Structure formats: C-alpha cells, structure tokens
Amino acid sequence: EHKLYLKKEKQKKAIIISARILLLVIFIALWELLTQIGVMDSFIFSSPSRIFKQTVTLYNSGELFYHIWVTLKEALLGFVLATMLGTIIAIILWWNETVRKVLEPYIVVLNSLPKIALGPIIIIWFGAGIKSIVVMAILITIIITILTMLSAFISCDNDKIMLLKSMGANKFQILTKLIIPNAIPDFISMLKINVGMTWVGTIMGEYLVSKAGLGYLIVYGGQVFKLDLVMTATVILCILAGLMYYLVALFEKHYNKNN
C-alpha cells in the first residue's frame, strides 16, 4: 500500500508538471498565432518570435548578459540585505517589548507609505547609481520581513517558553533554541514573498535612476516605442524571478526533508 501511495504521488506530481508545461506552450503558441493572423497587433503586443529575435540581437551585441547581470546583482543585494536587516530588527523588537510597542505603529505606517514617493530623496541621499536602486529594493522588502518574522517570533507557544525558563534557560538560549527554530517555516514563506518584493523594488529603482539593467531597457524601449525590447526585458525578468523562487523552494524542500 505504501508503494502504491508513492506511485500515485509521483504520477500526480508528473501530471502537475506536465500541465504547467502544456499551459505555457499553449499560451506561447496562441500568442504567436493571434499575432500572425492579425487578431493582435504584433507592434503593440509583440510576439514570441519577435521576442526571440530581439533576444538574439541583444546577445549578438553583447548587451544581454550585461543588463541581466546589472539587474540580478542589484536584486540579490537588495534581497540579502533586506532579509538580514529585517530579521535582525525583528529579533530586537521581540527581545525588548517596550521598544516593540513604541516602534510598531511607525513600522505599520512605513509599510503603507508609497516607496516611490521617496525616490527623489533617495537619489539625493545615495546618488544616481546602484546604491539608490538597492536602497529602493530594501525599502520595499524590509518592512514585510520585519512584520512577518516578528509575528512568527511572538506566536511561539508560551508554554514551551515557560518550560525552558523553568529549566533555567536565559533569553538568548530561548531565542536560539526555541524561537528561531520555531520560526523557520515562516522564514521560508517570507523568503518567497521577498523574492517578488525585491524584484519590484529593483525595477522601481531602475525606473527612477539607471543607465543599465532590465528596468532601463523597459524604460528606454517604452520611450522609443520599441515594444519588442520592453516585452523581451519583461520575459527575462519573469524567468529570473522564477529561478530565484525555485531556489527558495529547493531550500524549503531540503528543510522539510530533514525535519
């Protein structure tokens, strides 16, 4: 029965993966067909074949991987720094209840603030370069990180905390032996959210100030009505975000397997 169950699970997984691939193939084929027969204007909506040609053009000119690397570097920096800083701040807020109660309303207000409104200030403070873009990515991501991890820390079973205290554990031991391990599933969920938020912040930063990167290609393509370039950069962004999410999913699978 166990072998039969495993076989069914494998078949179910294979069906899901096949359905995902089939859905993508149908979407691409339908998109190409509608543009070829004139139902959709290929100048406005582009098409898979035009996107492929534009990708080849960027590759031949040596620009493709340069722009990908610029944006990927900014996104990774923003992702790592926002995750680290947000988690550390959440630990500090958990550690000191008074500080948490004082700062919590301000954190909520900052979360609701449109970060794009801070764009001009960020440029003035950090300059028109990669620093401003990374700061924008951090601002978009860090508040979600703080709120998610703080909620995970606070929601830990109070009975377990009392048990450790009764055994003589200090606050640091409670943090490292109970609070943080208990929050790992929430940490992984937060990473999944941060993937999307980081890319939003990075592209938003590139919209404001950039001389290279996928966001720059989108802005430039829109300005000169090269919509094939806009769609090509957008598709590449989707692929990069998907790969980044897949890495987080692999980490989650590895964690679940070992626990």
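**Note on pockets, cores and selected residues**

1. With seven residues, α12 gives the most to the lining of the largest pocket. Helices here are DSSP runs (H or I, at least four residues; strands are E, at least two), numbered from the N terminus. Lining residues have an atom within 4 Å of a point of the pocket.

2. The model is predicted: local features need pLDDT of at least 70 and side-chain atom pairs count only at pLDDT 80 or more, while totals for chains, interfaces and linings use all residues. Residues are numbered from 1 along each chain as its sequence is written, and side-chain values use heavy atoms, with hydrogens and water left out.

3. The largest pocket holds about 590 Å³ of space. Its lining comprises 17 residues, and L24, I28, V235, C238 and I239 are the closest to its centre. At least two lining residues come from each of α1 (2-36), α3 (48-61) and α12 (227-257). By class, 14 of the lining residues are nonpolar, two are polar and one is charged. Nonpolar covers Ala, Val, Leu, Ile, Met, Phe, Trp, Tyr, Cys and Pro; charged covers Asp, Glu, Lys and Arg; the others, Gly among them, are polar.

4. On the pocket criterion: a 1 Å grid is laid over the protein atoms alone, and a pocket is an open set of points where a 1.4 Å probe fits, with protein on both sides within 12 Å along at least five of seven lines. Grid points are joined across faces, edges and corners, and the volume is the space filled by probe spheres set on the points.

5. The second largest pocket has a volume of about 390 Å³. K13, I16, I17, R20, Y246, A249, L250 and K253 line the second largest pocket, and α1 and α12 each supply at least two of its lining residues. Five of the lining residues are nonpolar, none is polar and three are charged.

6. The largest nonpolar core has 22 residues, of which W94, I142, M149, F153 and I179 touch the most other members. Two or more residues of this core come from each of α4 (64-95), α7 (130-154) and α9 (171-182), and α7 gives the most, with nine. Another core, of 21 residues, lies apart from it and includes A75, L229, V230 and M244. A core is a set of buried Ala, Val, Leu, Ile, Met, Phe, Trp, Tyr and Cys residues joined through side-chain atoms within 4.5 Å. Buried means under 20% relative accessible area, exposed over 50%, and partly exposed in between, with a 1.4 Å probe and protein chains only.

7. W94 is in contact (heavy atoms within 4.5 Å) with R100, L150, F153, I154, K171, I174, L175 and I179, leaving aside neighbours within four places in sequence.

8. T202, in helix α10 (residues 184-208), counts as buried because its relative accessibility is 0%. Beyond four places in sequence, T202 touches T71, E74, A75, I133 and A137. T83 is in helix α4 and counts as buried at 9% relative accessibility. The residues that T83 touches, again not counting those up to four places away in sequence, are T145, F187, M190, L191 and N194.

9. There are four aromatic pairs. One of them is F27 with W31, a tilted pair at 5.8 Å centre to centre and 45° between the planes. F27 counts as exposed at 51% relative accessibility, whereas W31 counts as buried at 12%. Y59 and F65 form an edge-to-face pair, 5.9 Å centre to centre with 80° between the planes; F65 is exposed, at 54% relative accessible area. Rings of Phe, Tyr and Trp (its six-membered ring) pair if their centres lie within 6.5 Å; planes under 30 degrees apart count as stacked, over 60 as edge-to-face and the rest as tilted.

10. Two backbone values deserve a look. S46 is not a glycine but has a positive phi of about 60°; S46 is in the loop between α2 (42-45) and α3 and is buried, at 0% relative accessible area. F225, also a residue other than glycine, has a positive phi near 60°. F225 is in the loop between α11 (214-223) and α12 and counts as exposed at 56% relative accessibility.

11. L4 lies in helix α1 and counts as partly exposed at 47% relative accessibility. From L4 to M40 the separation is 36 residues in sequence and 48 Å in space, C-alpha to C-alpha.
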